[in-house]
Structure formats: structure tokens, C-alpha cells
Amino acid sequence: MYQYNQIDQTLVDERVEQFRDQTRRFLKGELPEDEFSALRLMNGLYIQRQAPMLRVAVPYGLLSSTQMRKLAHVARTYDRGYGHFTTRTNIQFNWPELAAVPDILAELAQVQMHAIQTSGNCIRNTTTDPYAGVAENELEDPRPYCEIIRQWSTLHPEFAYLPRKFKIAVTGATEDRAASQVHDIGLQMVQNADGEIGFEVLVGGGLGRTPIIGKSIRKFLPKQHLLSYLDAILRVYNLKGRRDNKYKARIKILVEALGPDEFRRLVEEEWAHIRDGELTLTDAEIARAKSFFTLPDYDANAANADAHASLGDSLATDIEFNAWYRHNTLAHRVDGYRIAIVSLKPYLEAPGDITDSQMDAVADLADRYSFGETRATHHQNLVLTDVREGDLYAVWQALAANNLARSNIGTLTDMIVCPGFDFCSLANARTLNISDQINEHFDDMDHLYDLGEIRLNMSGCINACAHHHVADIGILGVDKKGEDWYQISLGGSSKEDARLGKILGRSVPASDVALTVEKILAVYVDQRRENESFAQVVLRVGIKPFKERVYATAH
Amino acid sequence: MPLLIDQRIVTEDPWQLLDQAALDEGSPIPENGPIAVPIIWYRQHREALQQRNSPLGVIVNGDDDLAALYADHSQLDLIAIEFPTFRDGRGFSIARQLVRSGFNRQIRALGHVTRDRLALMQSSGFNAFAINDERFQTDHLQAFSEISVNYQGTTADPRPIFRR
Ligand code: HEM
Ligand code: SF4
């Protein structure tokens, strides 16, 4: 993974001191509240319902075991013993003290971590495919480009005060696991007719109160132009994005207002000034970035007959391990290895939450079995990307001992859920009680496996932090005269076939959410043809049959 | 209003900045000395302004159409860019485009110019900063060196880090 050099380290160290001074000036009354608010947000610090909330950056989701242990230490020492992984692959701490935040940042800086640009109206942490580098259907590893973007966007002097937040996702596989079409900029690696690999550039996607799928403004961008093109897009947005109304300030509104063609024209006009200038990436720089993401030292013997036999034995004798293997591990590019997903969706725990001891356990496993690295996913899980088949049983046992081995990846209970009213001051409704309700209602794993791949996402308000628009089943908390109600939508996707879900009908009370989901699933089971997924059925039959079942009046 | 140039406080600011409201009300243009006027006024009274035998500047903000200015600023000695609020960052991009178009005299930041943005402004091309009296403290001068690293390149050295 990318290793800081002295320059990177100097930057984060100086940033800690700068923020320490800003906090000091604010506490002394020298810095007005509204200015400090913008400054602290650019450093990941919110003021939330319970306490300040600190969001720590996990660039493109990649964590070393040393970093993971430091997060465990922060959770233990400065918080209440846990953290929360988000859809943006960052981690949030819900209970730090404002005055302690500079010290937390200083501790994080020791392991090359920080909270720079995890919030605020600036370019946020760039996200990518959690299986980058190991997935089978990959054109090229996107992480070197994420790192190049990270450096360009970190403390960018010109783009620190954008009209609104700005999110970039990069994907290098044919399967889009980075939700790139619902980002402000989605970069998809593609191959042109000459066999060169470059980027297709999508702009203006996003969720929130105005969900929109990104528009392609360039079918092929040669790699060396990556930064100059991004610079041009950001400059057009900085100058022309709306600043009068924060709900209309995202780039998606600008792209819609101008139309993608006019927006493209403006970008190309701006780009013409800079396209062959200083920002042009050199071959040496691309090679340097790539050098940090080379293949680990795979064991050439991993696929040997003994390993194979021992895995076969464990699979045959231990049905729980067998279920975990089938649902929580994936094929790897290298023979004898598998990708193992660490489920942060244990029964009746807040999705995405992880305790300090669980973080330590994952760090130990990463060291022992996966080259010391872990990835965070936008589904709020963790991944050990390089586990030898022969080690899977041991890994599973250790995960199970730490309540991290629920075999529910891809199923209904592998939900993305934002913290909702319990933690978030913007929430309209609680979410964590509803995820418990769904877990209790659907506690039969065989039933879940029979239902197959289903993505259920739930947000506590219109901001859509949990991507409810792009789920098979999306749940949105709404407030009706002080009571929690839930609006349900069906048929969304964040993958390469990205689409927004359709609202089923009037919202349902808190007590009926799981029951409603049950009715929806019953329609699916009735309607499905052989091997048809939930998504395929919704696409084929539309939402009408679901609507009829859910809102049928009792006879 | 303390003015910082070259990361130092200048005591003598020869420039008079005239605002649109005063001009609209008929306040006279000083006969001598450097003046800067809002770009709208400049466009309307360009010839008269150029008759004066003193340095001339314009004041712009993010709402102005600046394409013509980028194309033709050889007569100007100062361009002041207004930051109407703390959260309005259009001025950064305007300065960047101005430098790119070859303007190499004074680019002054006006309006919401506070300590925590000075370094960013300088990197984007500003070389003069007008700070409100109530907000000014001498430790502002340290703001320029708080972060010594920049990945992107600055106006002084436009090379991003990978070309240095
Ligand atoms: C508790 C503190 C949080 C606050 C105050 C907060 C605030 C917001 C706001 C205001 C928006 C809407 C922005 C806009 O559309 O312009 C938003 C969107 C979003 N947030 Fe959060 N959020 C919080 C936690 C989270 C968590 C826990 C996650 C992940 C689980 C998350 C991920 C996102 C995502 C993915 C979006 C969608 C942005 C888009 O595509 O348009 N946030 N958040
Ligand atoms: S969706 Fe709403 S309630 Fe949930 S975290 Fe985001 S802002 Fe808070």
C-alpha cells in the first residue's frame, strides 16, 4: 500500500498543529463560530446529537494492520470503545471531546492517518472497488490513480471552498463495486479501440434529496490527462455552481441546469488551457504510484493438494464454516487464494459498528493471513483480500470468536444503515431499531439464502447517507407529526446498471417495516422464475404487484 | 484596513478603491493617484478612466463576466477580487485564471479575507491581502508558513509535486 514519504508526513503533522491552533483560537473566542465550523468540517469534525463526531479518512478504503490497531486505540482511549464504518469507507467516532481532537489527530498522524477533507465543501476521500487488485474481472488496478487523485485533492488551494461537498469514485473492473455512477465524478477505466486503457468520465451523479445518475461527458480520457481534466471540471464547478441555496449547490444540479452538452463544452474549453501543462501526468509518476500497489508475495504453493484437501474436509464437516465460505468468500485472481469478507453486520448490532477488540482481532488476522492489509467497503464491511484457501478455516474460527463471521454477505441482513436519529442531528427517524426489527424478523438463515442476493439500505433522512435510492429495497425514515414512518422504494441499483428505486406508496409506521418487507419478499418468491434474482423480478414485473400486496386492505 | 504584501504589512497603500454605490451617487473620481473601480464602472467609463495619467485598477467578484478581462488587462495595474463571504471560494479560481492569462501585477484579495485562508489565496495567485481591522492580528503573518507542503503547485512554482 502507499507509504508516506517525509513530505506526506510533514503535511499531516503540520495540519495537526494548524488545527490545534484553530481549535485554540475558537475556544478563546478569536475565531467566529461560523468560520470554525467550516474549518473543523474540513477536518472531519461534526457537532452531533451526542457529542462531537470525528470522521477519520481511510483513503480508498485501504488500512494497514498498524493503522487498524491505532483506530482501536483511539476508540478505547478517546471514545466509548467502538467506531462506525461508513459508506464512504471512512470511520467515525461518536463520542470524542472537542478539546481532545487535536491529540487524536496527532496520534493518527503517527500512523499516516488523518481526518483531512472527510467533511466540508471540499474534495472528499476518493473511493474505489474494495477488491481492487485481486478481482478477476479487472481491466487495471484503480488504486494508483486514487492515490494520484488523493495527492492532487489534499489541501488543494483552489478547491477548499467549493459550493458543496465533492466526491470522486474510481473503478477499474467491468463490475462496478464503487457506486461510481452516483458520485459527483465517476471515473471508470475503459479500453479504447487501440487497446489503450483510460477513463470514461461521468459527472453529476449523487443521491440526497435530488438523486441523479451521473452523465458521461467523456468516453475516453487518456491517463496522462487525469488531473488536468479533473482540475477543469472542478474549476467550472467552483465558478458556476450555485452558492445561493445549499440544496442546489451540488455539481449534479449544475449539470442538469446547463445540460450535459453545455457542461461538457465548458469543461473542454477550460481544459484546452491546461491540457498539456504542468498537471499532465508523467510516465514516471504513474509508475511511481503503481509501485505501491504491486502484487504481494503470493505463496506459489497455496494451491497445493494438502491445502485443498484440508479445506475440503472442513467444508464437509463444519456446516457453519461451509455457509461462511459460500457467502463470505469470493474467487481470487491467484490460484489457492480467496477474498474473505468480514461481516460488520452481526445479529442485533448497529451495521458498520466495530469495537476496539474487534479491530485488534482483524489487525491480527490481516498480519497473519493477508499481508497486513484490510479494506473497508461501501457496504460497511471489511475485507481480507488475500487469504490462502488452507488458512480459511482458521480465519473463520478467529472471526467467529469475535462475532465477525455472520454468514450474511449479500443477503437481506447485510444492510447499509446510517446511524439515524440515535446519533445524527439531521435525522428524521431512527434506523438502528428498524435494522434490529428486520434482523429479528428474518433470523432464519436458510430463508435468507433462499431469497438470494438482496440489497436493503436504510437512511434516517433525505440526505441518503445509506444510499437507499440505489438498493433493491430502500427504506427512508420520515417524520410525521413527531412519529417515525418509513417510505419504501424498490428496484434501485448502484452497480453498472445503476438506477434509482421507485417509491412503493405511502409510508408505513415503525411497527410494520419488517412485515412490509416480508410481503415484498413474498411477492418475489411467488413471481420468480428459475434463478431469477430479486432485482430481475422487480425489473420484469414492475412495482405494481408489490404495491398491491403491501397495500391490500384486509378482508 | 491592514494590507499584506509579500507577507509583510504595508503601511502606505497608494490605492483608492471606489465602490459602486458611491460612484452611482456621483462621488467624484479623484484626479490623481491610483484608483480601482468596479469592473462594471470600468466598462462604462473606460476611455475617461484611461485619460487620467495614474495607475488604474478594477474590482471584480464571482458574479462578473470576466472573459473579456482575461483577454485584455494590459492597461491595468491592480485587480482586486472580492470574497463576499467566508464560504464563497470563487475568488480562488478567478485568481488562478487571471494569472494564467498573463496578468502579473497586483492581485488583491478583498472582503472576507481572514487568517485561515491567506496561504490558500497566495497559492492561487493573490499577492496582496486586505484584512479587516477588527480581525487583524500580527500573528497572521505566520499563516503563510503553517503548511509547508503543497502537492499541487502554486503560482510561484506551478509544478505539482511530481514534477519538482
Ligand atoms: C452522523 C453524521 C452525519 C451527518 C451529519 C451527515 C450529513 C450528510 C448530509 C447533510 C448529506 C447530504 C449532502 C448533500 O446531498 O448535499 C449527506 C449525504 C451522504 N452521507 Fe452523510 N452524514 C452523516 C453520517 C454519514 C454516515 C454514517 C454515512 C455512511 C453510512 C454517510 C455517507 C453519506 C453519503 C454516501 C451521502 C450521499 C451523498 C450523495 O451521494 O449525494 N454519512 N450526509
Ligand atoms: S441519512 Fe440523514 S440521518 Fe442518516 S446519517 Fe445521513 S444525515 Fe444523518
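The model is predicted, with local features requiring pLDDT of at least 70 and side-chain atom pairs counting only at pLDDT 80 or more, whereas totals for chains, interfaces and linings use all residues. Residues are numbered from 1 along each chain as its sequence is written, chains are lettered from A and ligands numbered from 1 in the order in which they are written, and side-chain values use heavy atoms, without hydrogens and water.

Chain A contains 18 helices and 21 strands, where helices (H or I, at least four residues) and strands (E, at least two) are DSSP runs numbered from the N terminus. Its radius of gyration is 23 Å, close to the 24 Å that the globule rule gives for 555 residues, so chain A is as compact as a globular protein of that length; the radius is taken over C-alpha atoms, and the rule is 2.2 Å times the number of residues to the power 0.38. Of the 555 residues of chain A, 63% are buried, that is, under 20% relative accessible area, as against exposed at over 50% and partly exposed in between (1.4 Å probe, protein chains only).

In helix α14 of chain A, which spans residues 432-441, the buried residues are A:L432, A:I434, A:S435, A:Q437, A:I438 and A:N439. The cover over the buried residues of α14(A) includes β16 (416-417), β17, β18, β19 (483-490) and α16 (513-527) of chain A. The loop between β17 (456-459) and β18 (473-480) of chain A holds A:C465, whose SG atom, 2.1 Å away, is the single protein donor to the iron atom of ligand 1. Donors are N, O and S atoms within 2.8 Å of the metal (3.2 Å for Na, K and Ca), and water is not among the atoms, so sites may look incomplete.

A:G120, in the loop between α4 (101-110) and β6 (127-128) of chain A, counts as buried at 9% relative accessibility. Leaving aside neighbours within four places in sequence, A:G120 is in contact (heavy atoms within 4.5 Å) with A:L41, A:M42 and A:K165.

Chain B has six helices and eight strands, and 51% of its 164 residues count as buried.
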